[in-house]
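The sequence and structure come first.

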Amino acid sequence: MDGGVVDSRTSKLTIDRGACGYLTVDLAALRRNYEKLSSIVAPARAAAVVKADSYGLGANQVSKAVYGRGCRHFFVAHFVEALRLRPHLPRDASIFVLNGLMPGNEIACVEGGVIPVINSFDQLQQWSETARSLQRKLPAVLQFDTGMSRLGIPPEDRAAVAAYLATVDDLDILFIMSHLASADEADCVQNADQLAEMRRVVEEFPGYDLSFANSGGIFLGGDFHGVLVRPGIALYGGAPTSGVPNPMEPVVRLDVAVVQTRTVPAGTRVGYGGVHVTKTETRLATIAAGYADGLPRSLSDRGSVYYNGVRLPIVGRVSMDSTTIDISALPEGTLSFGNLVEVLGDHQTIDDIARDAGLISYEILTSLGHRFHRQYR
């Protein structure tokens with residue numbers, strides 16, 4: 001770890017950088033998650049989806065960690081993310097842009113050694129014309145829409161794309177791909193529908209390797225894998241499949257400092273709007289994080305934090321920079337100014353918080369703010 005330290009005896013914040021808590025990313029756990037996913041899909045290979053700054057956890061650090069375990073394929077959403085990541089990975093690492101390229105970014109993409117994912121006939125022609133103008137063969141990936149209606153070449157354009165590819169020799173199509181819309185629901189009929197459509201695509205575009213599975217798709221079985229799978233949330237410890245035990249290790253821990261404690265009588269209003277009213281004398285603590293730091297406002301009067309394994313409910317509305325918790329379950333004097341409470345850790349996962357907030361784990365991770373002191377171990 002770098003920077004400040006957490007005193008495990010007192011759980012006090014001892015830090016000199018003005019942060020309101022510690023966000024700890026366990027790179028060893030992340031590497032083990034990558035190795036586990038790789039072993040499940042072998043002999044296929046596992047990529048790493050590192051878009052949105054690796055779901056908020058740091059794309060540079062995450063990418064280096066899994067590169068050291070053999071990962072050579074990295075997926076981002078936007079070209080700007082690829083440009084930021086490229087200097088931090090060796091040249092044998094391939095970076096793919098899932099949204100493809102906006103007009104005008106073609107030359108910069110070539111110069112940066114970045115590979116676009118082609119989602120439309122327009123993008124295909126645009127990239128081919130760039131290759132022709134440079135008089136060189138350029139790599140690309142073709143994405144097909146198999147039922148999500150978000151990104152990818154639609155069914156009605158497949159014949160035109162196939163005909164166009166037969167007339168050009170300036171593109172190196174590395175593989176074809178699609179994205180599963182309901183892979184986290186193992187019994188959802190849409191998975192089988194998309195698999196059937198993907199098989200039709202493979203028949204229409206013979207000879208190309210396939211990348212199909214996301215995190216949930218990995219656990220749907222070998223029919224969904226192809227030669228390359230693209231895990232995202234599973235790498236970061238989120239549950240890849242709903243309704244079953246999570247096979248992945250937690251990667252993130254969040255500990256937040258107590259700013260103030262107080263004892264209030266029955267009938268005291270707490271927080272904005274005074275929506276929470278204490279029923280008895282209550283001991284409260286205010287912690288130094290709110291919705292600006294990634295604690296959703298929907299956790300108001302629903303979520304909780306932990307201290308030494310004891311659940312401490314959130315009371316009143318979550319504020320922008322602070323949250324109030326009921327600490328009456330702890331012996332008096334246990335928590336004081338500067339103590340740390342667990343928001344994410346041994347007793348509460350990103351999926352737990354997402355459930356309480358009525359969100360998904362992706363939203364929790366990508367919302368974690370930068371006012372915490374971040375440390376990697």
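Pro 43 sits in the loop that runs between α1 (27-41) and β4 (45-46). The model is a predicted one, and in it the peptide bond joining Ala 42 to Pro 43 is cis, with omega at about 10°. Ala 52 is part of helix α2. For context, most residues other than glycine have a negative phi, and most peptide bonds are trans.

**Confidence**

How does the model score overall? The average pLDDT of the protein chain is 95, and 95% of the residues score at least 70. Residues 1-10 have a pLDDT below 50; this stretch makes 25 contacts in the model beyond near neighbours in sequence. Where pLDDT is low, the predicted coordinates should not be read in detail.

**Domains**

The chain divides into domain 1 (27-236) and domain 2 (252-376). Taken over C-alpha atoms, the centres of the two domains are separated by 38 Å. Domain 1 puts 9 residues into the contact, and domain 2 puts in 8 residues.

UniProt, in an unreviewed entry, lists residues 251-377 as "domain: Alanine racemase C-terminal". In the model this span is 12% helix and 35% strand, and its end C-alpha atoms lie 10 Å apart.

**The largest pocket**

The lining of the largest pocket is made up of 38 residues; nearest the centre are Asp 184, Asn 214, Ile 233, Ile 360 and Tyr 362. By class, the lining has 20 nonpolar, 12 polar and 6 charged residues. At least two lining residues come from each of α2 (51-55), α9 (215-218), α10 (350-357) and α11 (361-367). Of the lining, α10 supplies the largest share, 3 residues.

**Annotated residues**

Two sets of positions come from the unreviewed UniProt entry. The "active site" annotation covers Lys 51 and Tyr 272. These residues span 222 residues in sequence and their farthest two C-alpha atoms are 35.1 Å apart, so they do not all gather at one spot. Of this set, Lys 51 is included in the lining of the largest pocket. Lys 51 is found in helix α2, the helix that also holds Ala 52.

The "binding site" feature is placed by UniProt at Arg 150 and Met 320. Why do these residues not all gather at one spot? They span 171 residues in sequence, and the farthest two C-alpha atoms are 32.8 Å apart, so the set is not gathered at one spot. From this set, the lining of the largest pocket takes in Arg 150. Arg 150 is placed in the loop between β9 (138-143) and α7 (158-165).

The table sets out the spans and C-alpha distances of the two annotated sets.

| "active site" | Lys 51, Tyr 272 | 222 residues | 35.1 Å |

Terms used: Residues numbered from 1 in each chain as written. Predicted model: local features only at pLDDT ≥ 70, side-chain atom pairs only at ≥ 80, totals over all residues. Heavy atoms only, no water. pLDDT = per-residue confidence, 0-100. Contact = heavy atoms within 4.5 Å. UniProt positions renumbered as here; feature names shortened; annotations may be inferred. Helix = DSSP H or I, 4+ residues; strand = E, 2+ residues; numbered from the N terminus. 1 Å grid on protein atoms, 1.4 Å probe; cavity = no way out; pocket = protein on both sides within 12 Å on 5 of 7 lines; lining within 4 Å. Nonpolar A, V, L, I, M, F, W, Y, C, P; charged D, E, K, R; others polar. Domains from an automatic or database assignment.
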